[in-house]
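Visitor: I am new to this one and would like a friendly tour. Could you take my questions one at a time?

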Amino acid sequence: MSNRPTRITTDLDLGREGKQEGFLRLPHSVHRSAYGYLPIPIVSIRNGRGPRVLLTAGNHGDEYEGQIVATKLVRALAPSEISGQVIVIPMLNFPAALAGMRTSPIDEGNLNRSFPGDADGRPTAMIAHYVESVLMPQVDISIDLHSGGSSLLYIPGTLARHHPDEKRLATVLALVRAFGAPNAYLMAPGGEDRAILSAAERAGIVGLSAELGGAGMVTRETLAVTERGVVNVLRHLGVLAGTAEQRDTRIMRVERSGHYVYSPDPGLFEPMAELGDSVRKGQLAGRVHFPETPWREPTPVHFLGDGLVVCKRVPARVERGDCVYHLAGDLPV
Ligand SMILES: [Zn+2]
């Protein structure tokens with residue numbers, strides 16, 4: 001990562017009161033447009049004192065609940081209704097979101113594996129750098145909305161990093177409960193440090209994420225969970241007036257080993273479990289079939305730990321190394 005300042009500019013003044021709409025301008029000089037820029041839409045709504053919230057979606061471009069709810073909020077929120085600031089970016093990896101793809105068609109960049117980014121890198125790295133180095137130092141909380149992507153389907157849940165500091169963890173759990181999704185997934189400490197939740201941790205702010213559905217679709221249910229969740233979190237923080245509606249959330253942990261199941265072979269995956277099933281270590285998760293060699297015995301795939309099936313692969317065609325399930329376990333009390 002270079003220490004050079006960002007090359008992204010904006011006509012918004014994030015320190016200014018009121019509602020401002022516009023773009024982040026990411027310089028993008030290409031054959032078609034020598035002095036062009038990529039216009040990443042951004043809206044700032046600021047009113048007096050209060051928490052400052054960065055609300056992002058479209059980090060992965062094929063995850064839509066967050067993009068729709070962020071767009072609705074941009075149009076609905078008036079400065080007079082809020083205390084503090086909400087900065088909304090519905091299409092964070094703009095080229096990916098425009099293409100409806102997880103990664104950017106410009107540079108193949110996966111934004112949520114690109115933090116802390118690079119001011120001098122390709123567009124995806126430049127966006128990551130801008131978020132971590134420019135935006136995060138100006139806010140108290142980062143909320144980044146995901147939905148599994150085209151290849152995965154989730155039981156809707158908030159996602160956060162398990163923090164060893166009890167006070168910090170309590171702050172995150174209060175947000176998770178305010179969001180009120182059916183599940184909450186706490187990731188084990190350490191692990192992936194290129195994701196936005198790690199960026200928030202490095203920036204010293206509170207980070208909350210979510211996996212609200214997936215399969216490249218939206219449903220009434222997942223949109224309702226998302227919209228209610230975001231509004232409730234803003235109420236819980238005092239950014240919006242009113243009290244957060246109380247709902248039960250099952251707080252779960254996700255471990256790096258034991259909870260993820262991968263296909264050992266290329267072929268067609270026959271699932272033996274569905275979302276919401278409780279499974280045991282050693283239980284048959286599915287079989288990989290080989291229609292191109294139909295007389296070959298299918299390869300059995302087993303669960304490597306106990307837990308609840310919270311995520312499953314969508315396409316039946318698999319390669320060796322594709323994740324077919326992931327589990328979550330209840331937090332020990
Ligand atoms: Zn995602």
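Visitor: Which residues of α3 are buried?
Guide: Welcome! Keep in mind that this is a predicted model. Helix α3 spans residues 123-135 and is mostly covered, with eleven of its 13 residues buried. The buried residues are Pro 123, Thr 124, Ala 125, Met 126, Ile 127, Ala 128, His 129, Tyr 130, Val 131, Glu 132 and Leu 135.

Visitor: Which residues coordinate the zinc ion?
Guide: Along the chain, the donors follow the spacing H-x2-E-x82-H. The donor atoms sit at 2.0 to 2.4 Å from the zinc ion, and Glu 63 provides two of them through its OE atoms. The residues are His 60, Glu 63 and His 146.

Visitor: How many residues apart are His 60 and His 146?
Guide: This pair links distant parts of the chain. His 60 lies in the loop between β4 (52-57) and α1 (65-76), while His 146 belongs to strand β6 (residues 141-146). The two are 86 residues apart.

Visitor: Are those two histidines, His 60 and His 146, buried or exposed?
Guide: Here the cut-off for buried is under 20% relative accessible area. His 60 falls in that class, and so does His 146: buried.

Visitor: What is the geometry at the zinc ion, tetrahedral or irregular?
Guide: Four donors count as tetrahedral if all angles lie between 85 and 135 degrees. At this zinc ion the angles among the four donor atoms run from 55 to 146°. The site is therefore classed as irregular.

Visitor: Which residue in β10 is the bridge partner of Leu 145?
Guide: Let us look at how β10 is paired. β6 and β10 pair in the parallel sense over six bridges, whereas strand β8 (residues 157-161) runs antiparallel to β10 and is joined to it by three bridges. For Leu 145, the partner in β10 is Ala 210.

Visitor: How many residues of β10 are buried?
Guide: Val 206, Leu 208 and Ala 210 point one way from the strand, and Gly 207, Ser 209 and Glu 211 point the other way. Residues on both sides are buried. That makes β10 mostly covered, with the count at six of six.

Visitor: Which element gives the most to the lining of the largest cavity?
Guide: The largest cavity holds about 110 Å³ of space. Its lining has five nonpolar, two polar and three charged residues, including Arg 161, Leu 197 and Gly 207. At least two residues each come from α4 (166-179), α5 (196-203) and β10 (206-211). The element that gives the most, with three residues, is α5.

Visitor: And the largest pocket: which residues lie nearest its centre?
Guide: The largest pocket has a volume of about 830 Å³. Elements giving two or more residues to its lining include β7 (152-154), β9 (183-187), β12 (260-262) and β19 (323-330). The lining divides into 13 nonpolar, ten polar and ten charged residues. Of the 33 lining residues, those nearest the centre are Arg 113, Tyr 154, Met 187, Glu 211 and Tyr 260.

Notes:
Residues are numbered from 1 along each chain as its sequence is written. This is a predicted model: local features need pLDDT of at least 70, side-chain atom pairs count only at pLDDT 80 or more; totals for chains, interfaces and linings use all residues. Side-chain values use heavy atoms; hydrogens and water are left out. Donors are N, O and S atoms within 2.8 Å of the metal (3.2 Å for Na, K and Ca); water is not among the atoms, so sites may look incomplete. Four donors count as tetrahedral if all angles lie between 85 and 135 degrees; four count as square planar and six as octahedral if opposite donors are over 155 degrees apart and all others between 65 and 115; anything else is irregular. Helices (H or I, at least four residues) and strands (E, at least two) are DSSP runs, numbered from the N terminus. Buried means under 20% relative accessible area, exposed over 50%, partly exposed in between (1.4 Å probe, protein chains only). On a 1 Å grid over the protein atoms alone, a cavity is a set of points where a 1.4 Å probe fits but cannot get out, and a pocket is an open set with protein on both sides within 12 Å along at least five of seven lines; lining residues have an atom within 4 Å of a point. Grid points are joined across faces, edges and corners, and a volume is the space filled by probe spheres set on the points. Ala, Val, Leu, Ile, Met, Phe, Trp, Tyr, Cys and Pro count as nonpolar, Asp, Glu, Lys and Arg as charged, and the others, Gly among them, as polar. Two strands pair if DSSP finds at least two bridges between them.
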